[in-house]
Amino acid sequence: MGLIHIELFATLDLVGQAPGGPEEDPAGFPFGGWQAPLMDEVAGAQVGAAYEGTDALLLGRRTYDIFAAYWPHQEAGEDSGIATLFNRVPKYVASRGRPNLSWNGSTQLGADLAAAVRDIRDRHEHIKVVGSLNLVQTLLRERLFDRIDLWLHPLMLGVGKKVFGAGAVPTNLTLLEPPAVSGKGTVLLRYGLTDGTPATGDMSAPDRGLGHD
């Protein structure tokens, strides 16, 4: 069975809306493009490395439309490596509407999203989810993911869609490798899904030395 990797870019208050540019998702959000000033060579290399081995993309409708308008025209530019990859691999689009699937290799998923995602896992080894915050909420709720790459950026916005919103359910994760920090203070945290739900305890227990005397 293949692995689903969710790639998330977030502020310290976990806003993930429109990191790349003002026109990504402008409705009621004045900070589109907040990630751009914080990108450097280290963070760029981390993002590039995260896509190595990708053999399918799983995207929400809005992210798909943005990608389809950009990546087919970038194979001769500085982003040619990612462009070649994105243009080559199959693209699966989660949408209740009728998107224009003119980008080569694009397929719309059926109404039963959970079943469609499970089918994709049977056909591909490494499926990447990029952006697509509404889709991410469904994947979190259904536990239909294997890894989360979370880039935390040193700023807070106070408004915007959160990366962990209505889809968050009690879930155990494990840190797969030490955090990696870029020169501008962005921290990459790579987590894997594990079994069970979060346990609880009592930090005031006497053997912890945290009593209230």
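Strands (E, at least two residues) and helices (H or I, at least four) are DSSP runs numbered from the N terminus. The model is a predicted one, in which local features need pLDDT of at least 70 and side-chain atom pairs count only at pLDDT 80 or more, while totals for chains, interfaces and linings use all residues. Residues are numbered from 1 along each chain as its sequence is written, and side-chain values use heavy atoms, with hydrogens and water left out.

The neighbours of β3 come next. Strands count as paired if DSSP finds at least two bridges between them, and β3 runs parallel to β2, to which four bridges join it. Within this pairing, Leu58 has Tyr92 as its bridge partner in β3, and Gly60 has Ala94. Strand β3 also runs parallel to β4, with three bridges between them, and here the bridge partner of Tyr92 is Thr107 in β4.

Strand β2 (56-60) is in turn joined to β5 by three bridges, again in a parallel arrangement, and Ala56 has Ile127 of β5 as its bridge partner. Because five of the five residues of β2 are buried, this strand is largely enclosed by the rest of the structure. Its side chains are divided between two directions, Ala56, Leu58 and Gly60 pointing one way and Leu57 and Leu59 the other, and all are buried.

With a relative accessibility of 37%, Gly105 counts as partly exposed. Leaving out residues up to four places away in sequence, Gly105 touches Pro90 and Lys91, where contact means heavy atoms within 4.5 Å. The C-alpha atom of Gly105 is separated by 7.5 Å from that of Arg88, 17 residues away along the chain.

Helix α3 (80-88) has Ala83, Leu85, Phe86 and Asn87 as its buried residues. The elements that cover them include β2, α2 and β3.

What holds the interior together can be followed through its nonpolar cores, each a set of buried Ala, Val, Leu, Ile, Met, Phe, Trp, Tyr and Cys residues joined through side-chain atoms within 4.5 Å. The largest has 28 residues, of which Ile6, Leu8, Leu58, Leu109, Val129 and Leu139 touch the most other members. At least two residues of this core come from each of β1, β2, β3, α4, β5, α5 and β6. Another core lies apart from it, with 24 residues that include Phe9, Leu57, Leu85 and Leu188.

Helix α5 (133-141) deserves a separate look. Seven of its nine residues are buried, so α5 is largely enclosed by the rest of the structure; the buried residues are Leu133, Leu135, Val136, Gln137, Thr138, Leu139 and Leu140. Among the elements that cover them are β1, β2, β3, α4, β5 and β6. Leu139 touches Ile6, Leu58, Val117, Val129, Leu144 and Phe145, when residues up to four places away in sequence are not counted. Just after α5, Arg143 takes a positive phi of about 55°.

Beyond its neighbours within four places in sequence, Gly2 is in contact with Arg121, His124, Glu125 and Asp146.

A pocket is an open set of points on a 1 Å grid over the protein atoms alone, where a 1.4 Å probe fits, with protein on both sides within 12 Å along at least five of seven lines, and lining residues have an atom within 4 Å of a point. Of the 46 residues that line the pocket, Thr63, Phe67, Val130, Gly131 and Ser132 lie nearest its centre. Elements that each supply at least two lining residues are β1, α1, α2, α3 and α5, and α2 gives the largest share, six residues. By class the lining has 21 nonpolar, 15 polar and 10 charged residues, where Ala, Val, Leu, Ile, Met, Phe, Trp, Tyr, Cys and Pro count as nonpolar, Asp, Glu, Lys and Arg as charged, and the others, Gly among them, as polar.

Technical notes
Buried < 20%, exposed > 50% of the residue type's maximum accessible area, 1.4 Å probe, protein only.
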